[in-house]
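Me: I would like a careful look at one kind of side-chain pairing in this model, beginning with a single residue and following its partners from there.
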Amino acid sequence: MSTITTPDSASRRNLLKGLAVAGVGLAAADAGASAADAKTPASARPGKPTSDRLITKDGTSLYFKDWGTGPAVVFSHGYPLSSDAWEDQMFFLLQNDYRVIAHDRRGFGRSSQPSTGYDYDTFADDLAQLVEALDLRQATFVGHSMGGGEVARYVARHGQSRVAKVAFVSSVTPFLLKTATNPTGAPKELFDTFRAAVQANRSQWNLDVTIPYYSFNRPGAHVSEGLRESYWRQGQSTGFLAAYHALGAFSETDFRDDLKKITVPALVVHGSDDQIVPLEISAKLTSKLIPQAKLIIYEGGSHGLLHVDKTRLNADLLAFLRG
């Protein structure tokens, strides 16, 4: 096993630019059947999915997409985006005879915006309710950025009985916060500045961070204003509470023990020029904690691999699914 050294000052500056863009408290108590029935139409009661909605046990409405037939692939999106971030991969795999499912995490996108539940235990439990409601079996779970943590926590809390494989793309795992046992992480004070940015002017912050997110600040980069606007649109559709509290969730949650519980085949994909979640403190460590992990590094790749490197990523995901 090779030794991972502490990131240099340039990597730390990159982390300072955008780590907060990478996918508090316990889940709310069950409101009870009678209260749920009174508030929710019969066609959308807790645990019963409609064509694009699932009502969770605490009454949160989750929006989801479910396209096609065949082996199931479940996608978890990054911060501060929605399931729309996965559209290139979903459409590609749909054309290759896979069933593709993606949801907007609570508080994000078109899902409802409850006052509680912005922690990884709740995110994983929401995902589990969706998987069970759709009765998905032998599914592959794919997480990008913040969504990588959701996949890891789902396996840790709910096991692998419905899991065939997992994939982590530009993931925040295994642990971003600097602690005594994680000296290469970033200090909590850094993430406090991101929370302050959300409060001060999150619309401008969501726009500015697209530059390091897609590595548009590199020489010769082709800047896509369309991508920047799509990111901004998704970020602004996310609720304020999710935008604020999810920063603490993905930065302060330790996924190291979660990753050790993954025994199914795993794919770990990361860009060498990821300015949001630097390679040395994320994918290289993640791949060492999962017994059956394969690490693929995209030389010069940004945090936004889903779009900037979509052709290569689509091919790598398909090969992993078929392997």
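Reply: D66 counts as partly exposed, because its relative accessibility is 27%, on a scale where buried means under 20% relative accessible area, exposed means over 50%, and partly exposed lies in between (1.4 Å probe, protein chains only). The model is a predicted one, in which local features need pLDDT of at least 70 and side-chain atom pairs count only at pLDDT 80 or more, while totals for chains, interfaces and linings use all residues. Residues are numbered from 1 along each chain as its sequence is written, and side-chain values use heavy atoms, with hydrogens and water left out.

D66 forms a salt bridge with R99, in which the closest N and O atoms are 2.7 Å apart; the term requires a side-chain nitrogen of Lys or Arg within 4 Å of a carboxyl oxygen of Asp or Glu. Because D66 belongs to strand β2 (residues 61-67) and R99 to strand β4 (residues 99-103), this pair ties together parts that are 33 residues apart in sequence. The strands (E, at least two residues) and helices (H or I, at least four) named here are DSSP runs, numbered from the N terminus.

In one of them, the side chains of D88 and K310 meet at 3.5 Å, N to O. Since D88 lies in helix α3 (residues 87-95) and K310 in helix α13 (residues 310-322), the pair ties together parts that are 222 residues apart in sequence. D88, at 21% relative accessibility, counts as partly exposed, and K310, at 35%, likewise counts as partly exposed.

In the other, R162 is bridged to D135, with the closest N and O atoms 3.2 Å apart. This pair links distant parts of the chain, 27 residues apart, with R162 in the loop between α5 and β6 (163-169) and D135 in the loop between α4 and β5 (139-144). R162 counts as buried because its relative accessibility is 17%, whereas D135, at 40%, counts as partly exposed. Salt bridges can also share partners, and in this way K65, D84, D104, R110 and R233 are joined into one network.
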